[in-house]
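Please read the following briefing alongside the sequence and the model.

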Amino acid sequence: MTHSKRIGPFHFTTATSVLAAVLVTVSLSAQADGGSTYSGYDINRDGYLDPVEFEQFAAPKRARSTTPEIWHFQHVDRDQDNRISEKEMVDALIEEVKLKQRNQ
């Protein structure tokens with residue numbers, strides 16, 4: 001049995017497409033939030049999001065999410081270094097996609 005997922009105008013099939021779905025989700029989220037990409041939120045261009053930079057991304061995400069607890073700084077900052085790496089952000093987006101798939 002093939003599982004499928006529609007995100008906006010895009011249609012994804014199989015679990016191996018989760019990463020592609022995440023990348024589209026990142027892009028659509030950034031567009032909806034007024035940013036361009038992860039780096040669009042990195043105001044000081046140090047390659048990481050500090051708590052203030054992250055909040056610009058996370059506040060609207062929490063407001064629209066069915067799993068807002070994912071979008072708290074302490075949850076996304078897995079290594080607890082007080083900054084969000086691009087990998088940590090992608091990991092949180094993958095977590096959100098997987099939770100959405102489970103709840104369907």
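In what order do the elements of the chain run from the N terminus on? They run β-β-α-α-α-α-α, with five helices and two strands in the chain, where helices (H or I, at least four residues) and strands (E, at least two) are DSSP runs numbered from the N terminus. This is a predicted model, in which local features need pLDDT of at least 70 and side-chain atom pairs count only at pLDDT 80 or more, while totals for chains, interfaces and linings use all residues. Residues are numbered from 1 along each chain as its sequence is written, and side-chain values use heavy atoms, with hydrogens and water left out.

**Overall surface and contacts**

- Of the 104 residues in the chain, 38% are buried, where buried means under 20% relative accessible area, exposed over 50%, and partly exposed in between (1.4 Å probe, protein chains only).
- The accessible surface of the chain, computed by the Shrake-Rupley method with a 1.4 Å probe, comes to about 6300 Å², and 55% of this surface belongs to carbon and sulfur atoms.
- Contact means heavy atoms within 4.5 Å; among contacts in the chain between residues at least 6 apart in sequence, 39% join residues at least 24 apart.

- In soluble globular proteins, nonpolar side chains tend to be buried together.
- Leaving out residues up to four places away in sequence, Ile84 touches Tyr38, Tyr48, Leu49, Phe54, Phe73, Val76, Asp77 and Met89.

- Helix α3 has 14 residues and reaches 20 Å from its first C-alpha to its last, close to the 20 Å expected at 1.5 Å a residue, the expected span being 1.5 Å times one less than the number of residues.
- A bend of about 35 degrees occurs in α3 at Phe57, and a proline, Pro60, follows within four residues; the bend at a residue is the angle between axes fitted to the seven residues ending there and the seven starting there.
- The buried residues in α3 are Glu53, Phe54, Phe57, Ala58, Lys61 and Arg62.
- Arg62, placed in helix α3, touches Glu55, Pro68, Trp71 and His72 when residues up to four places away in sequence are not counted.
- Arg62 and His72 are 10 residues apart in sequence, and their C-alpha atoms are 8.2 Å apart in space.

**Salt bridges**

- The structure holds five salt bridges, each defined as a side-chain nitrogen of Lys or Arg within 4 Å of a carboxyl oxygen of Asp or Glu.
- One of them joins Arg62 to Glu55, with the closest N and O atoms 2.4 Å apart, and Glu55 is partly exposed at a relative accessible area of 34%.
- Another is formed by the side chains of Arg83 and Asp81 (3.1 Å, N to O); Arg83 is partly exposed at 33% relative accessible area, and Asp81 is partly exposed at 31%.
- The side chains of Asp91 and Lys87 also meet in a salt bridge (2.8 Å, N to O), and because these two residues are four residues apart in helix α5, they are separated by about one helical turn.
- Asp91 counts as partly exposed at 34% relative accessibility, whereas Lys87 is exposed with a relative accessible area of 57%.

**Loop between α4 and α5**

- Ser85 is found in the loop between α4 and α5 and counts as buried at 16% relative accessibility; leaving aside neighbours within four places in sequence, Ser85 is in contact with Tyr38 and Tyr48.
- Gln80 lies in the loop between α4 and α5, has a phi near 55 degrees, a positive value in a residue other than glycine, and counts as exposed at 51% relative accessibility.
- Asn82, in the loop between α4 and α5, has a positive phi near 65 degrees and counts as partly exposed at 49% relative accessibility.
- Most residues other than glycine have a negative phi, and most peptide bonds are trans.
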